[in-house]
Amino acid sequence: MLGFQPLKYNQGANSIVILDQSQLPEKETYEHLRTVDDVYNAIRDMKLRGAPLIGVAAAYGVVIAAHSEKIDSIVKAADYLISARPTAVNLSWAIKRMKDIAIKSKNLFKDLYKEAQAIEQEDRSACQYIGQYGSELIKADAKIMVHCNAGALATSGIGTALGIIYTAKDQNKNPVVYVCETRPLLQGARLTSWELTKNGIETYVISDNMAATYMPEMDLAIVGADRIALNGDTANKIGTRGLAIIARYNGVPFYVAAPLSSFDFNIETGNEIPIEMRAEGELRKFNDKIIVADQAMICNPAFDITPVDLINGIVTEKGIMEQPNRMKIEKLKKNVTGSNSETQAL
Ligand code: MRU
């Protein structure tokens, strides 16, 4: 299944090969990232994107810097990579892991390479578990609404929200997916439709303003996450909050699917999550053609916060947390930081 790999580290060349997502679905082109600057630019320009994948890319970016075997330049590269995009906590989480290793390592390249591989492998495995647990939410012939791309293109594995859908398909449940196009960069229309149809899933793309019209037909809405606060408030692609409100109005269960690396246990609520503001050109132009009056100003936040009250549950590699709240997330935090790393249902 899947038939593509969004990122692959090439040890011989100490470079990363990425599928350039900015060109999909028109062109399937691969690009070599050979320097820390290449990795930074690819993340910032969203040639690779999705919270877990940018964490993995940044980890390998540190490996590229480790070729020097000089701790100062490795730390400098790590700090630089963190600044590529601010909202997804997976980026700073992965970089912190790499820095923690670098600081105590005597064999920098070898140890950092091992850690980046571990981060990648854990992400792949988390997706599998999320898929397994989340598929319990899906009944036969379910209609599911998704937003943005929380799939194999956004992770090292089968994806989070889409991983659940792929797993349900493997269980012969025949899920049918409605994908919001996800203005302004169209990750839903361009990327999610590409990977779902490549994998034989019945897919309908709708424009974002059609979500309220189609929601009453849905059995479920599932989205990914870029950062989840201690109380369960969740940052995800702009438009997610609106979708959650529409789902609640129509009595459609709204779930978030995310690995533990997307939780920020250091912040209390979504108010503390930094929201990335992107260039106005992303909205002012469409296909390089100006579509907004010159005098009009532009607002372009890349993410919004869905309050926890609108979220029916969060699917992680540890199980499904129904009606998330601070107490349950505190318990999850202990599970992560404690010695028991066994995967178990919550
Ligand atoms: O700006 P993007 O395309 O990186 O935004 C991605 C999302 O919002 C995803 O839903 C999120 O990162 C989860 S990916 C498994």
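**Salt bridges in a predicted model**

Next pair. Arg227 and Asp264 make a salt bridge as well, and their closest N and O atoms are 2.6 Å apart. Arg227 is in strand β8 (residues 227–228) and Asp264 in the loop between β10 and α10, so this bridge ties together parts 37 residues apart in sequence. Again, both Arg227 and Asp264 are buried.

Third, Arg284 pairs with Glu280, with 2.7 Å between the closest N and O atoms. Is Arg284 buried or exposed? Arg284 counts as buried because its relative accessibility is 11%, while Glu280, at 40% relative accessible area, is partly exposed. There is also a network: Arg85, Glu276, Arg278 and Glu282 are joined by salt bridges that share partners.

Now the whole chain. The structure holds 17 salt bridges. There are 38 positive and 41 negative side chains, and the centres of the two sets lie 3 Å apart. The secondary structure amounts to 11 helices and 15 strands. The radius of gyration is 19 Å, close to the 20 Å from the globule rule for 346 residues, so the chain is as compact as a globular protein of that length. Of those 346 residues, 56% count as buried.

Methods. Residues are numbered from 1 along each chain as its sequence is written. This is a predicted model: local features need pLDDT of at least 70, side-chain atom pairs count only at pLDDT 80 or more; totals for chains, interfaces and linings use all residues. Side-chain values use heavy atoms; hydrogens and water are left out. Helices (H or I, at least four residues) and strands (E, at least two) are DSSP runs, numbered from the N terminus. The radius of gyration is taken over C-alpha atoms; the globule rule is 2.2 Å times the number of residues to the power 0.38. Buried means under 20% relative accessible area, exposed over 50%, partly exposed in between (1.4 Å probe, protein chains only). Lys and Arg count as positive and Asp and Glu as negative; His and the chain ends are not counted. The place of a charge is taken as NZ of Lys, CZ of Arg, CG of Asp or CD of Glu. A salt bridge is a side-chain nitrogen of Lys or Arg within 4 Å of a carboxyl oxygen of Asp or Glu.
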